[in-house]
Amino acid sequence: MKRILPLCSAILATFVPLGSQAAEPIPPEMLHPPEKVTIEQMKSLPAHPRLMADEARWAEMRQQVKAGGRQGELYALLRRSADELLKEPPVIYEPKYAGGNILAIIREAEHRILTLAAMYRLSGEKPYLEGARTVMHGLAETPWAPEHFLDPATACLSLSIGYDWLFSDLTPDEREKFAAKIKSAGLELTTHDQEQLSFLWADFNWNQICNTGLTFGALAIGDKDPELARYIINRTLAMLPRSAAAYAPDGLYPEGPGYWAYGTSYHVMLIEAFRSSFKTSYDLEKFPGFSVSASVIDQLTGPS
């Protein structure tokens, strides 16, 4: 089955690179990030949907699908994947062994929510809405263990996308339930004991993944707690350059192709979320080596 984000990268990402385990002192801009996003911007966020595509963009995509061509082929692929997911048994949010993380399971939930919610927005067919809603309830009712922060970061991103894309079809109780989970099990986890959060200012893929997941949550529920959301977003903008420096000078990513695919996928989603929410990318695509890294991966990929 085609995955929107490669499942194999979830397996790789359960291991923090050994060379990056030594925690650095907490950067001052982690606690007091420069104010690139203002409280006024947070209070005037566009209506839902606003993560990666607004309503006008979804309408444009629906027209492109009707026109056929490459967009029609992609739509057919998305439909096949969504139809297969509707036949799958429910996601069971239990680790394979006591004390184990559930990242692979949360990534499965992520795949289902993105695929089914996208298919519903493009087709308007209710089974895809109900399929996504079921996964969202399971994810919202599952503890997001902070000990392995890729778990809550990925869960936060996934639930935020479902909340945002399906907002007008959710009941008021569902909106409150999902927003409360995003805030308490995602955003608020990173507002205390910050000396333990070195992955947020690290120089490897956890920085991109965790900051992106938290920022999606902040953008999704920013109208409910604009001050908290503003802090999370500004902190991401201050911390991301530490990870993005790995692409310099020529795009040869030091963690290899698997981690490149994992971290860069979230980096690109973050760019699109900023563009759709604030009409700017904050130049996150302009780090030295970032754009050309895709051609480097092409050169590193063999026929197998």
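View 1. Setting aside neighbours within four places in sequence, Arg 133 is in contact (heavy atoms within 4.5 Å) with Asp 169, Leu 170 and Glu 174.

A quick note on what you're looking at: this is a predicted model, where local features need pLDDT of at least 70, side-chain atom pairs count only at pLDDT 80 or more, and totals for chains, interfaces and linings use all residues. Residues are numbered from 1 along each chain as its sequence is written, and side-chain values use heavy atoms, leaving out hydrogens and water.

**View 2. The nonpolar core around Leu 139.** A nonpolar core is a set of buried Ala, Val, Leu, Ile, Met, Phe, Trp, Tyr and Cys residues joined through side-chain atoms within 4.5 Å. The largest one here has 97 residues, and the members touching the most others are Leu 139, Ile 233, Phe 274, Phe 278 and Leu 284. H6 gives the most to this core, with twelve residues. Zoom in on Leu 139 and, leaving aside neighbours within four places in sequence, you'll find contacts including Tyr 93, Ile 106, Ile 113, Trp 144 and Lys 181. In soluble globular proteins, nonpolar side chains tend to be buried together.

**View 3. Where H4 crosses H6.** The axes of helix H4 (residues 55–67) and helix H6 (residues 103–123) come within 9 Å and cross at roughly 75°. Those axes are lines fitted to C-alpha atoms over the stretch in contact, with angles from 0 to 180 degrees between N-to-C directions. The two helices, H4 and H6, are therefore roughly perpendicular to each other, a label for angles of 65 to 115 degrees. From H4 come Glu 55, Trp 58, Met 61 and Arg 62, which meet Ala 118, Arg 121 and Leu 122 of H6. Sort the residues of this contact and you get four nonpolar, no polar and three charged; Ala, Val, Leu, Ile, Met, Phe, Trp, Tyr, Cys and Pro count as nonpolar, Asp, Glu, Lys and Arg as charged, and the others, Gly among them, as polar.

**View 4. Helix H10, wrapped up.** How far does helix H10 reach from its first C-alpha to its last? The 16 residues of H10 (205–220) reach 23 Å, close to the 22 Å expected at 1.5 Å a residue, where the expected span is 1.5 Å times one less than the number of residues. H10 is largely enclosed by the rest of the structure, because 16 of its 16 residues are buried.

View 5. Most residues other than glycine have a negative phi, and most peptide bonds are trans. Yet a cis peptide bond joins His 48 and Pro 49, with omega about -5°, and Pro 49 sits in the loop between helix H3 (39–43) and H4. The bond from Ala 248 to Pro 249 is cis too, with omega near 0°; look for Pro 249 in the loop between helix H11 (226–244) and helix H12 (256–278). Asp 283, in the loop between H12 and helix H13 (293–300), has a positive phi of about 60° although it is not a glycine. Asp 283 is partly exposed, with a relative accessible area of 44%.

Key: Helices (H or I, at least four residues) and strands (E, at least two) are DSSP runs, numbered from the N terminus. Angles under 35 degrees count as roughly parallel, over 145 as roughly antiparallel, 65 to 115 as roughly perpendicular and the rest as oblique. Buried means under 20% relative accessible area, exposed over 50%, partly exposed in between (1.4 Å probe, protein chains only).
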